[in-house]
Amino acid sequence: MSSPEPDQTLSQTPPSSSWMTYKRLLAYVKPFWLAFALAVVGNVIYAGASTGMAAAMEYVIAAIENPTEGNRLLLTLVIVGVFALRGVGTFMSQYFINYVGRQVINALRNDVFDRLLTLPSRYFDDNAAGRLVSKLTFNVEQVAEATTNAVTISLREGLTIVGLLSFMLYTNWKLTLIFLAVGPIIGAVVSYASKRFRRISKRIQGSMGDITHVASESISGYRVVRTFGGEDYEQQRFREVNERNLKQSLKMASTQAISVPVIQVLVAIAIAALVWTMLAPEIRGGMTTGQLVAFITAATTMAKPIRQVTSVHAKIQKGVAAAYDVFETIDETPEKDPGTYAPERVKGTIRFEDVSFRYRDQLDDVLEGISIEIPAGQSVALVGRSGSGKSTLVSLLPRFYEFTGGDIAIDDRSLRDYSLKALRAQIALVTQNVVLFNDTIAANIAYGALRDCSREEIQQAAAKAHALEFIERMPDGLDTMIGDNGVMLSGGQRQRLAIARALLKDAPILILDEATSALDTESERHIQEALETVMKGRTTLVIAHRLSTIETADRILVMDNGRIVESGRHDELLSAGGAYAQLHQMQFSEQG
Ligand SMILES: Nc1ncnc2c1ncn2[C@@H]1O[C@H](COP(=O)(O)OP(=O)(O)O)[C@@H](O)[C@H]1O
Ligand SMILES: [Mg+2]
């Protein structure tokens with residue numbers, strides 16, 4: 001499942017969007033402008049103190065040549081003062097920029113998470129969970145690198161360079177110009193290196209997501225891996241993505257490692273040329289020894305800031321690539337929700353009118369010409385081979401997917417008229433894959449909008465779902481923590497909790513998609529009774545694997561290949577001797 005495609009789309013990021021990404025990041029910084037301003041002040045102090053250090057060399061030399069009492073005191077004060085000032089600058093710039101950075105991370109994470117909560121089912125079909133989680137953790141952290149480290153270094157060292165250059169120009173502009181002539185060469189090297197960094201860092205991000213993805217799949221599915229002898233395959237898969245990550249990281253490391261010494265040597269050549277020229281009398285002019293030493297100090301002090309400023313580019317690019325990726329998620333279109341109709345409680349009449357549907361990339365319709373009329377309070381069972389479209393059909397009702405043709409109406413109002421929230425409030429859904437949260441049993445039953453339900457209501461729902469019998473045997477009853485995704489529970493117990501959750505919701509429309517599939521025949525019979533009480537007074541769509549559980553439905557629809565091929569009551573369909581009779585015959589002989 002390791003796919004290089006997303007990384008390629010990333011590296012095709014148009015250059016202009018890089019600037020857009022900066023601007024958007026800045027918008028996140030804006031609310032913390034005061035802290036940012038304090039950081040800038042800290043950087044200015046730091047740069048000023050650094051320049052002061054170089055400039056002070058002139059007085060140091062003067063004091064050494066002429067060590068009077070006053071000069072000695074002045075010198076000591078200057079040394080301590082300059083360092084203390086630089087310390088204050090360092091503290092301010094580091095603390096406040098980190099403050100801004102952590103705030104930005106916090107805000108970005110919330111934004112990504114909020115967006116994930118509104119994205120359509122399709123998005124989750126298309127994106128592996130591991131990749132999404134790595135966006136929230138790894139990528140968002142990298143964005144912080146851009147806003148903190150990079151900003152600090154570029155501001156602090158950038159300002160230091162400006163300070164030192166001004167001092168040098170002021171002292172001897174001819175010398176400074178010679179020094180500057182070497183600048184463009186350094187710039188060219190820097191820009192080449194940074195371009196490479198940008199390309200590589202984007203790829204590394206993708207391969208990091210792959211690692212998370214492959215690893216989390218094998219970890220959460222370790223039982224399947226072990227029992228099906230998938231170790232070699234998983235190992236192979238993991239080796240591949242890990243190897244890819246290694247290669248990319250090494251490429252990154254080599255570019256980084258090369259760029260630093262190359263730039264240093266260039267700076268050294270510049271300084272050597274400088275020293276050689278400045279000893280020429282026509283250039284040196286009237287400079288005293290102290291001034292000369294101060295000038296050289298300034299020039300050499302510049303090597304470090306220049307180096308840092310060049311390495312900062314890679315950091316910024318890394319952050320921008322990460323930010324681009326994060327913004328991409330924030331920019332995903334949420335579920336369309338133009339409807340405003342929001343009734344308190346619908347009666348529950350459901351009508352499908354010539355509905356067709358296809359998943360986005362598919363060539364053929366998964367559902368075709370579906371027309372169903374369900375009076376309020378009645379139950380309809382869907383049967384048919386696996387893959388015939390039953391789950392797809394019921395997932396259109398809460399609008400997890402938008403139907404592509406025809407219309408679906410509840411209480412004679414098109415689903416499109418309803419607001420998503422109001423629509424989904426009318427529907428209780430129990431599927432084969434029960435999702436439980438790492439919380440108490442009570443909190444899992446009274447999940448989400450149900451959290452205000454009373455203890456008695458929860459207890460009643462659990463009792464009706466035949467869940468109370470096993471809950472009471474647990475150490476803390478309803479308050480037992482059930483662990484990550486309910487690992488402590490059996491399939492049937494999980495299923496009963498899901499049914500209790502649906503019962504508690506007390507919605508006018510109930511969808512049971514193989515809700516009893518994890519139960520053995522005995523428990524199923526128990527729950528069957530419970531379900532029949534629940535179904536009373538509710539419009540119910542039930543998909544069941546075992547036909548025995550749906551014989552009492554008001555109507556049975558037989559689906560095949562995305563179409564409804566038969567419809568009627570159990571005995572009608574049996575005597576008709578069609579597809580249903582065949583399915584029934586097959587199961588009957590299986591059980592016998
Ligand atoms: N999220 C999805 N994306 C693309 N195709 C899907 C998706 N879910 C189901 N399908 C396809 O739609 C068809 C119907 O599937 P489904 O409704 O799950 O059938 P059933 O519930 O009857 O077993 C199948 O061919 C399946 O491969
Ligand atoms: Mg299904």
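Predicted model: local features only at pLDDT ≥ 70, side-chain atom pairs only at ≥ 80, totals over all residues.

Me: In what order do the 4 strands of the open sheet lie?

Reply: The order is 2-1-4-5, and the pairing is antiparallel. Strand 2 and strand 5 (413-414) are the edge strands, each pairing on one side only.

Me: How many bridges join strand 1 to strand 2, and how many join strand 1 to strand 4?

Reply: Strand 1 (residues 350-357) is joined by 5 bridges to strand 2 (residues 367-374). Another 5 bridges join strand 1 to strand 4 (residues 405-410). Individual partners can be named: I350 is bridged to I374 in strand 2, and S356 to G405 in strand 4. Strand 4 also pairs with strand 5 over 2 bridges, where A409 stands opposite S414.

Me: Is strand 1 mostly covered or exposed?

Reply: In a regular strand, side chains alternate between the two faces of the sheet. Here, strand 1 is mostly covered, with 6 of its 8 residues buried.

Me: At what angle do helix 3 and helix 6 cross?

Reply: The axes of helix 3 (residues 33-65) and helix 6 (residues 129-171) cross at roughly 35° and come within 8 Å. The crossing is right-handed. Among the residues making the contact are F36, V40 and Y46 of helix 3, together with L155, L159 and F167 of helix 6.

Me: Which classes of residue make up the contact of helix 3 with helix 6?

Reply: By class, there are 12 nonpolar, 6 polar and 2 charged residues. R156 and E157 of helix 6 are among the contact residues.

Key
Residues numbered from 1 in each chain as written. Chains lettered and ligands numbered in written order. Heavy atoms only, no water. Buried < 20%, exposed > 50% of the residue type's maximum accessible area, 1.4 Å probe, protein only. Pairing = 2+ DSSP bridges. Axes fitted to C-alpha atoms, helices over the stretch in contact; angles between N-to-C directions. Left-handed = near helix turned anticlockwise from the far one by under 90°. Contact = heavy atoms within 4.5 Å. Nonpolar A, V, L, I, M, F, W, Y, C, P; charged D, E, K, R; others polar.
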